[in-house]
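Please look over the model below. The report covers a pocket, a helix contact and some backbone geometry.

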Amino acid sequence: MRTIIEPFRIKSVEPLKFTTRAERETILQKAFYNVFAIPSEDVLIDLLTDSGTGAMSAQQWAGIMQGDESYAGAKSFFRFQEVVQHITGFPYVIPTHQGRAAERILFTIAGGKGKVIPSNTHFDTTRANIELTGAEAVDLLCAEGKQPALIADFKGNMDVEALEALIERVGPDRIPLCMLTVTNNSGGGQPVSMANIRAVKAVLERYGIPLFLDACRFAENAYFIKCREPGYQDKSILEIAREMFSYADGCTMSAKKDGLSNTGGFLAFRDPQWAQQAREVLIVTEGFPTYGGLAGRDLEAVAQGLLEVLDEHYLKYRVRSVAYLGEKLLAAGIPIVQPPGGHAIYIDARSLVPHIPPEQFPGQAVVCAFYLEGGIRTVEIGSLMFGKTDAAGNHVAPPMELVRLAIPRRVYTQSHIDYVIEVAALVAQQREQLRGFRILEQPRFLRHFTAKLAPV
Ligand code: F0G
């Protein structure tokens with residue numbers, strides 16, 4: 001069969017509230033043109049993030065009722081631990097309330113002043129947690145990954161030569177570990193190949209540096225390997241995932257992505273000493289080692305979600321539906337980061353609205369247009385999120401001005417996506433009329449969450 005369908009039927013529905021364009025104009029004004037300030041009730045299709053926004057299965061909801069809420073030694077923990085061990089092969093499993101909690105614990109024990117942590121691209125919270133300890137976070141993305149319009153299979157790969165050069169330059173003693181983000185969220189949700197993971201591992205092994213995966217979207221990455229990398233076509237997603245983890249010494253995980261859960265995460269290790277140190281931090285900051293900031297029912301939902309995400313029918317639908325959105329946007333004349341990634345489509349706002357300079361936030365102009373025209377919430381990943389002001393007061397723009405349309409898992413149907421495409425076409429028609437923004441008020445850190453804006 002050629003038609004790829006949603007591999008589920010819907011048992012429980014959440015009604016959507018419709019608003020008029022005039023109402024949305026007022027809502028945007030009241031939110032000071034920052035979509036983080038819009039109540040979710042006033043959003044028709046929410047593509048702000050794929051994190052924690054997925055729909056759980058009947059089995060997961062059943063698991064919620066089975067949750068063992070004992071403080072210590074809960075049955076739910078042992079099930080969670082068994083599933084994580086089954087997939088990753090890591091013997092030591094530490095639950096955390098979400099991904100960044102795992103990062104904070106990892107870098108509390110591994111980071112510190114003078115340390116350097118390389119990655120293909122660190123996600124913002126990973127970078128922040130590294131820098132918080134005084135260590136330096138270094139991105140070593142391959143050259144293809146830096147060209148938005150280029151179509152290549154594994155644009156999330158690390159530049160292995162650059163890794164070796166970095167190790168030679170700063171010395172292995174200053175590099176407590178190396179990370180690989182699979183898939184590479186900040187680089188457009190692009191996958192990392194098995195060959196690249198293996199090559200990175202080979203270099204690290206020579207210097208005795210451990211490898212950690214940021215495994216948030218490990219199943220989507222495994223599916224791309226199956227589809228694109230020679231030798232993996234006949235392997236199951238579980239086999240591919242296990243091989244990915246086999247080259248690593250541990251991982252951080254946000255179960256809000258490929259855990260198909262609304263919350264949760266974990267940290268896992270091969271080495272008992274690292275695990276022991278991590279547990280000591282966990283007890284002080286998250287909770288006892290058999291719940292780590294989660295309820296027993298959350299552990300059940302994550303355990304079940306981790307098994308469901310390995311289903312190839314699900315991954316085929318998932319990756320295909322994201323690609324479908326990308327193809328239709330391109331056909332409507334909207335430039336995107338190519339090829340479509342696993343969890344989101346990234347619009348290249350600099351090309352779409354070239355008349356808006358970076359200091360007037362071209363991405364935010366597109367974000368506001370999507371909301372105004374169709375009640376669709378997206379997110380700016382450009383000058384508003386990452387822009388800086390230098391000593392002379394000039395705007396320093398990041399390399400790209402992007403707008404991310406992240407697709408929640410198992411939530412929207414194809415007609416929802418067709419609606420998004422129709423709204424996008426309308427936005428593209430008005431591209432020349434779109435105007436930029438200026439900042440009225442902003443906090444000192446992570447300004448995109450709370451800044452107040454006004455049209456210029
Ligand atoms: N690593 C990656 C690659 C991520 O995408 C995220 C979260 C995290 C770590 C942190 O996990 O949110 O559970 O603490 N990404 C979300 C997003 C927020 O919208 O892309 P968390």
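How much space lies in the second largest pocket? The volume is about 1400 Å³. This is a predicted model. The lining of the second largest pocket counts 37 residues, and the closest to the pocket centre are Ser 12, Glu 14, Ala 55, Arg 410 and Val 411. By class, the lining has 17 nonpolar, 10 polar and 10 charged residues. Domain 1 (21-50 + 311-455) and domain 2 (58-308) both contribute lining residues, so the second largest pocket lies between them.

Next, a helix pair. Helix 8 (residues 218-228) and helix 12 (residues 312-331) have axes that come within 10 Å and cross at roughly 85°. The two helices are therefore roughly perpendicular to each other. Helix 8 makes the contact through Ala 219, Glu 220, Tyr 223, Phe 224 and Lys 226, and helix 12 through Glu 312, Leu 315, Lys 316, Arg 318 and Val 319. The contact residues of helix 8 with helix 12 comprise 5 nonpolar, 5 charged and no polar.

Now the backbone. Most peptide bonds are trans, and most residues other than glycine have a negative phi. The table lists two cis peptide bonds.

| Cis peptide bond | Omega |
|---|---|
| Val 182 to Thr 183 | near -15° |
| Gln 338 to Pro 339 | about -15° |

Thr 183 sits in the loop between strand 5 (178-181) and helix 7 (194-207). Pro 339 sits in the loop between helix 12 and strand 9 (344-348). Phe 32, a residue other than glycine, has a positive phi near 50°. Phe 32 belongs to the loop between helix 1 (21-30) and strand 1 (45-46).

Key:
Residues numbered from 1 in each chain as written. Predicted model: local features only at pLDDT ≥ 70, side-chain atom pairs only at ≥ 80, totals over all residues. Heavy atoms only, no water. Axes fitted to C-alpha atoms, helices over the stretch in contact; angles between N-to-C directions. Helix = DSSP H or I, 4+ residues; strand = E, 2+ residues; numbered from the N terminus. Parallel < 35°, antiparallel > 145°, perpendicular 65-115°, else oblique. Contact = heavy atoms within 4.5 Å. Nonpolar A, V, L, I, M, F, W, Y, C, P; charged D, E, K, R; others polar. 1 Å grid on protein atoms, 1.4 Å probe; cavity = no way out; pocket = protein on both sides within 12 Å on 5 of 7 lines; lining within 4 Å. Points joined across faces, edges and corners; volume = space filled by probe spheres on them. Domains from an automatic or database assignment.
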